[in-house]
Amino acid sequence: MLFRSLAAAALIVVTTVLPLPALAQDDEPRWSIAIHGGAGTIRREDMTPEREAAYRAALQQALDAGTRILEEGGSALDAIEAAILLMEDDPKFNAGRGAVYTWEGAHEFDASIMDGRDRDAGAVAGVTGIRHPILLARKVMTDSPHVMLAGQGAEQFAAEQGLETMPPEWFGTEARREALERMKADKLSALDVDIKFGTVGAVALDRDGNMAAGTSTGGMTGKRWGRIGDAPVIGAGTYADNRSCAVSATGWGEYFIRVGVAKSICERLLMVRNFESTSAGLRATGPGFAQILADSVMDDVKRLGGDGGIILVTAAGETLYSFNTAGMYRGRATSAGVSEVAIYADEEQPSDR
C-alpha cells in the first residue's frame with residue numbers, strides 16, 4: 001500500500017515540478033552541505049540583536065569549515081566532521097562544550113556518523129569526558145568491527161585511540177546549570193527548560209557523488225537512568241545512502257526513534273527513484289519532491305506529539321530543511337553559489353541550486 005501511495009504521489013507531483021537539469025560534460029561536479037544547531041521555540045522576541053548575531057556567526061563559521069573542504073575536492077565525511085567539530089566546541093550548542101546537564105549534574109554525550117558509499121556507520125552513546133564525540137563515532141566506524149559503543153566501554157576505546165578528553169568543568173556553562181536547577185526547583189519537564197534542542201549535525205554531498213551524515217548531542221536537560229535519544233541511533237537521527245539522501249535530525253528523540261525519521265526519509269526517496277526508473281521515463285523526483293517526502297515524515301512526528309527538524313542533501317545536490325518548530329539554527333552551501341544561515345521559521349529560503 002505504501003508503494004502504491006508513493007506511486008500515486010509521484011504521478012501528481014510530476015505535473016508540478018521541473019526535471020533536474022542535466023550536467024553538461026564540461027560542468028564541474030556538484031557539491032553541497034547543510035548544517036543544523038538545534039530546533040525548538042526560537043523566536044525573535046526572545047533574542048537580543050547581539051545573541052542573534054553570535055548564533056549566525058557561529059553557524060556561518062561551521063558552514064564555511066565544511067564548505068572549504070568540499071570546494072577543494074575533499075570528502076563528504078571530512079566536510080561534515082569539520083563543521084561538527086566547531087559546533088561541539090561552541091558553548092552556544094548542546095553538544096560537547098555547552099552540553100546540558102543530566103539529573104545528577106554530569107554531561108553524557110551521544111553521536112553518530114554514516115558513510116553513504118557503503119552505509120558504514122559508527123555511533124557512541126552515554127560517553128563522558130570526550131571533547132569531540134563525533135571523532136569517537138568515526139573511530140568506531142573505521143577502527144572497530146562495531147556500529148555502536150556505549151558508556152565506559154566506549155570511553156576505553158576512545159583512550160586506546162588517543163582521543164582528547166577534558167575535565168567535567170570544561171563542558172559546563174552557567175546557562176545549562178541554571179536550566180537544571182530551575183527544572184528541579186519548579187518540577188518542570190525537560191521540554192519546559194529546553195526551549196530548543198541544541199543537537200548539532202551536518203550532511204554533505206562531495207564532488208565524487210558520495211554523501212555523509214553526522215549528529216552530536218548532549219541530550220535533554222535532567223535526563224536520567226542512562227537515557228539515550230535519537231542522535232546515536234542510525235536510521236533515527238542519522239542516515240546516509242548514496243542512492244537517495246543524507247539526513248541529520250534534531251528534536252525530541254523518543255519520537256524520532258519511534259518514527260525512524262532519518263531512514264524513513266531516505267527510504268521513501270529511494271522507493272520513488274526506483275519506481276521512476278521502471279516507469280517509462282516518468283520524472284517524479286525533480287526539485288521539491290524530496291521536500292514533500294521530508295515534510296510528510298516530520299508530519300508523522302508531529303502527529304505523535306513530537307517536534308524538531310531535519311537537514312537533508314540529495315544525490316542531485318539539493319539541500320533542504322524540514323521542521324515543525326518556531327525555528328531551527330541552520331545553514332547550507334552549494335557549488336552553485338548558495339551560502340546562507342537562518343534561524344526563524346519564516347525566513348525566506350532562496351533556491352539552493
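Is Asp78 buried, partly exposed or exposed? In this predicted model, where local features need pLDDT of at least 70 and side-chain atom pairs count only at pLDDT 80 or more, totals for chains, interfaces and linings use all residues. Residues are numbered from 1 along each chain as its sequence is written, and side-chain values use heavy atoms, leaving out hydrogens and water.

Asp78 turns out to be partly exposed, with a relative accessible area of 33% (buried means under 20%, exposed over 50%, partly exposed in between, with a 1.4 Å probe and protein chains only). The side chain of Asp78 meets that of Arg138 in a salt bridge (2.9 Å, N to O), a term for a side-chain nitrogen of Lys or Arg within 4 Å of a carboxyl oxygen of Asp or Glu. Because Arg138 lies in helix H4 and Asp78 in helix H3, the pair ties together parts that are 60 residues apart in sequence. Arg138 itself counts as buried, at 18% relative accessibility. Helices are DSSP runs of H or I with at least four residues, strands are runs of E with at least two, and both are numbered from the N terminus.

Helix H3 is mostly covered, with ten of its 13 residues buried; among them are Ala76, Leu77 and Met87.

Arg56 takes part in salt bridges with Glu52 (3.1 Å, N to O) and with Glu347 (3.2 Å, N to O). Arg56 and Glu52 are separated by about one helical turn, because they are four residues apart in helix H2. Glu52 is partly exposed at 22% relative accessibility, whereas Glu347 is buried at 16%.
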